[in-house]
Amino acid sequence: MTSSRFDIGLAKLEEIEGNLGRRLKEQMDQLSPDLADLVIELFGDVYARTGLSLRERERIAISTLLAMGGCEDQIRLHTHAALTAGVSKAEIVEILIQDINYCGIAKVLNAAKVIQEVFQSVE
């Protein structure tokens, strides 16, 4: 039986963090069920691909969100996901160090604050 794009996206979100997909759906449904479904489907479209491991995807996600700035909630989520996927705390700190030259100190410091909170919450 073929799974729908929504089912694949939901499964990938749950692989990252338990009930994440269902919580996201419930929260976003209040604004727009169509938007909720689209976000979950698009997430699955990308995360179900075989070109990168979940571990690699989460490292890239942290770096990209840091570069964008203003994405602290998503950095928090993807830091948890990275740790779950086997990325070490030291590797996450290296992402911060790597991004200083490309993204600037202010964005790195904002991300570092969130990442440190995640590290403390999992200790």
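Which residues are linked with Arg 5 in a network of salt bridges? The partners are Glu 41 and Asp 45, which together with Arg 5 make up the network. A salt bridge here is a side-chain nitrogen of Lys or Arg within 4 Å of a carboxyl oxygen of Asp or Glu. The model is a predicted one, in which local features need pLDDT of at least 70 and side-chain atom pairs count only at pLDDT 80 or more, while totals for chains, interfaces and linings use all residues. Residues are numbered from 1 along each chain as its sequence is written, and side-chain values use heavy atoms, with hydrogens and water left out.

The protein contains seven helices and zero strands, and its pattern along the sequence reads α-α-α-α-α-α-α. Helices (H or I, at least four residues) and strands (E, at least two) are DSSP runs, numbered from the N terminus. Along the principal axes, the C-alpha atoms fill a box of roughly 45 × 30 × 30 Å.

Of the 123 residues, 33% are buried. Buried means under 20% relative accessible area, exposed means over 50%, and partly exposed lies in between (1.4 Å probe, protein chains only). The accessible surface comes to about 7,400 Å², and carbon and sulfur atoms hold 54% of that surface. Such areas come from the Shrake-Rupley method with a 1.4 Å probe, and for residues only the protein chains shown count as cover. Among contacts with a separation of 6 or more, 60% join residues 24 or more positions apart, a contact being heavy atoms within 4.5 Å.

Leu 24 and Val 39 are 15 residues apart in sequence, and their C-alpha atoms are 9.2 Å apart in space.

Charged side chains come next. The protein has 13 positive and 19 negative side chains, and the centres of the two sets lie 3 Å apart. Lys and Arg count as positive and Asp and Glu as negative, whereas His and the chain ends are not counted; the place of a charge is NZ of Lys, CZ of Arg, CG of Asp or CD of Glu.

The salt bridges number eleven. In one of them, Arg 55 pairs with Glu 91, and the closest N and O atoms are 2.6 Å apart. This pair links distant parts of the chain, with Arg 55 in helix H4 (residues 54-68) and Glu 91 in helix H6 (residues 89-103), 36 residues apart. Arg 55 is partly exposed at 27% relative accessible area, and Glu 91 is partly exposed at 23%.

Glu 117 forms a salt bridge with Arg 76, with 3.0 Å between the closest N and O atoms. Here too distant parts of the chain are linked: Glu 117 lies in helix H7 (residues 105-122) and Arg 76 in helix H5 (residues 72-84), 41 residues apart. Glu 117 counts as partly exposed at 34% relative accessibility, as does Arg 76 at 29%.
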